[in-house]
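Take a first look at the fold below. Then follow the chain with me, one part at a time.

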Amino acid sequence: MSVQAPDAPPYTLFCWRNSYAMTAQVMLEELGLEHDLRWITIHIPMEQKDPAFLKANPNGRVPTLLTPEGPIYETGAILVYLAERHPEAGLMPAIGDPRRRHYWQWHFYLVSTFQPEELILEDASVYLPGDETGQAHLKQVSVERMRGIWRVLDDAVADGPYLLGELYTTCDISFAMQALWPSSHPPEGLGAYPNAVRCLRTVLQRPAVQRVLTIHDVLGQADI
Ligand SMILES: N[C@@H](CCC(=O)N[C@@H](CS)C(=O)NCC(=O)O)C(=O)O
């Protein structure tokens with residue numbers, strides 16, 4: 001298990017510009033946790049990836065976070081790990097809170113329903129290398145599935161402003177940091193989903209999010 005050096009900040013985030021690493025980084029910023037960013041290259045063959053990175057995450061993907069307890073990877077796991085370590089921030093409902101059922105629902109919806117479609121729409125060639133016809137078909141199917149997801153999310157935040165009503169949680173971070181990418185928008189835009197757009201804009205204006213977007217030099221993506 002690799003742990004942080006005694007004089008290092010408690011957290012180190014392996015980072016790639018404008019990637020899912022931003023979701024974990026927003027969480028660190030929201031919680032005011034001291035951290036280092038270790039910028040790495042990810043879209044290269046596995047054997048060329050930073051060995052310290054691969055030791056922490058054999059999948060070679062970001063986000064990967066070094067914590068005082070050792071490494072952790074997967075966006076959704078990092079969000080919950082940090083929220084549980086810092087319950088005072090209230091970024092997830094406490095045990096016994098009736099909103100917890102929906103917290104888990106949206107948490108998993110965003111990492112296991114929204115995310116796979118986003119990854120396809122971002123780069124279908126990963127799934128069907130060399131098959132351009134197949135990629136176009138996969139994207140077409142995924143766009144339609146994504147429209148359905150936006151409809152569900154739009155209904156969910158109708159009474160908002162957040163997925164759990166008045167309570168801002170890691171689910172909103174998970175949503176906003178994927179939904180800001182134009183690849184996750186249907187080609188006709190987001191006009192049909194005004195509630196979801198309102199929620200998205202609210203989250204994107206948060207100082208923690210603005211700081212992360214500035215560091216990644218993608219502040220313009222918040223103009224939705
Ligand atoms: N399920 C993973 C997906 C992370 C992911 O796909 N990250 C991309 C960057 S946005 C990556 O590291 N890609 C490099 C690769 O797949 O080799 C998570 O949520 O952490």
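Strand 3 and strand 4 are joined by a hairpin of two residues. Strands here are DSSP runs of E with at least two residues, helices are runs of H or I with at least four, and both are numbered from the N terminus. This is a predicted model, in which local features need pLDDT of at least 70, side-chain atom pairs count only at pLDDT 80 or more, and totals for chains, interfaces and linings use all residues. Residues are numbered from 1 along each chain as its sequence is written.

Two strands count as paired if DSSP finds at least two bridges between them. Leu65 faces Ile72 in strand 4. Strands of a sheet pair through backbone hydrogen bonds, either parallel or antiparallel.

Now turn to strand 1. Strand 1 (residues 11–15) pairs with strand 3 (residues 64–67) in the antiparallel sense, over three bridges. Leu13 has Leu65 as its bridge partner in strand 3. Phe14 stands opposite Thr64 in strand 3. In a regular strand the side chains alternate between the two faces of the sheet.

Four strands make up an open sheet, in the order 2-1-3-4, with mixed pairing. Strand 2 (35–39) and strand 4 (70–73) are the edge strands, and each pairs on one side only. From one strand to the next, the twist averages 20 degrees. Angles run from 0 to 180 degrees between N-to-C directions, and axes are lines fitted to C-alpha atoms, for helices over the stretch in contact.

Next, find helix 1. Helix 1 (residues 21–30) lies across strand 1, strand 2 and strand 3, and runs at about 155 degrees to strand 1. In the loop between strand 1 and helix 1 sits Asn18. Asn18 is not glycine, yet its phi is positive, near 55 degrees. Most residues other than glycine have a negative phi, and most peptide bonds are trans.

Which helices pack against helix 1? One of them is helix 3 (residues 75–85): the axes of helix 1 and helix 3 come within 9 Å and cross at roughly 5 degrees. That makes helix 1 roughly parallel to helix 3. The cut-offs are simple: angles under 35 degrees are roughly parallel, over 145 roughly antiparallel, 65 to 115 roughly perpendicular, and the rest oblique. Thr23, Ala24 and Met27 of helix 1 meet Thr75, Ile78, Leu79 and Leu82 of helix 3. Contact means that the C-beta atoms of two residues, placed from the backbone, lie within 7 Å. This contact of helix 1 with helix 3 has five nonpolar residues, two polar and no charged. Ala, Val, Leu, Ile, Met, Phe, Trp, Tyr, Cys and Pro count as nonpolar, Asp, Glu, Lys and Arg as charged, and the others, Gly among them, as polar.

Helix 8 (residues 207–215) also packs with helix 1, at an angle of about 130 degrees, with the axes 9 Å apart. Helix 1 is therefore oblique to helix 8. On the helix 1 side, the contact is made by Met22, Gln25, Val26, Glu29 and Glu30, and on the helix 8 side by Ala208, Val209, Arg211 and Val212. These residues divide into five nonpolar, one polar and three charged.

Move on to helix 6 (170–179). Helix 6 packs with helix 7 (residues 194–204) at about 95 degrees, and their axes are 9 Å apart. So helix 6 is roughly perpendicular to helix 7. Asp172, Ile173, Ala176 and Ala179 of helix 6 touch Cys199, Leu200, Val203 and Leu204 of helix 7. By class, this contact has seven nonpolar, no polar and one charged.

Two prolines deserve a glance. The peptide bond from Val62 to Pro63 is cis, with omega near 5 degrees. Pro63 lies in the loop between helix 2 (51–56) and strand 3. Gly160 and Pro161 are also joined by a cis peptide bond, with omega about 10 degrees. Pro161 belongs to the loop between helix 5 (132–156) and helix 6.

What surrounds the ligand? Around the ligand are Trp16, Ser19, Tyr20, Ile42, Gly60, Arg61, Val62, Pro63, Glu74, Thr75, Gln115 and Leu119. A residue is near a molecule or strand if its C-beta atom, placed from the backbone, lies within 6 Å of it. The shell has six nonpolar, four polar and two charged residues.
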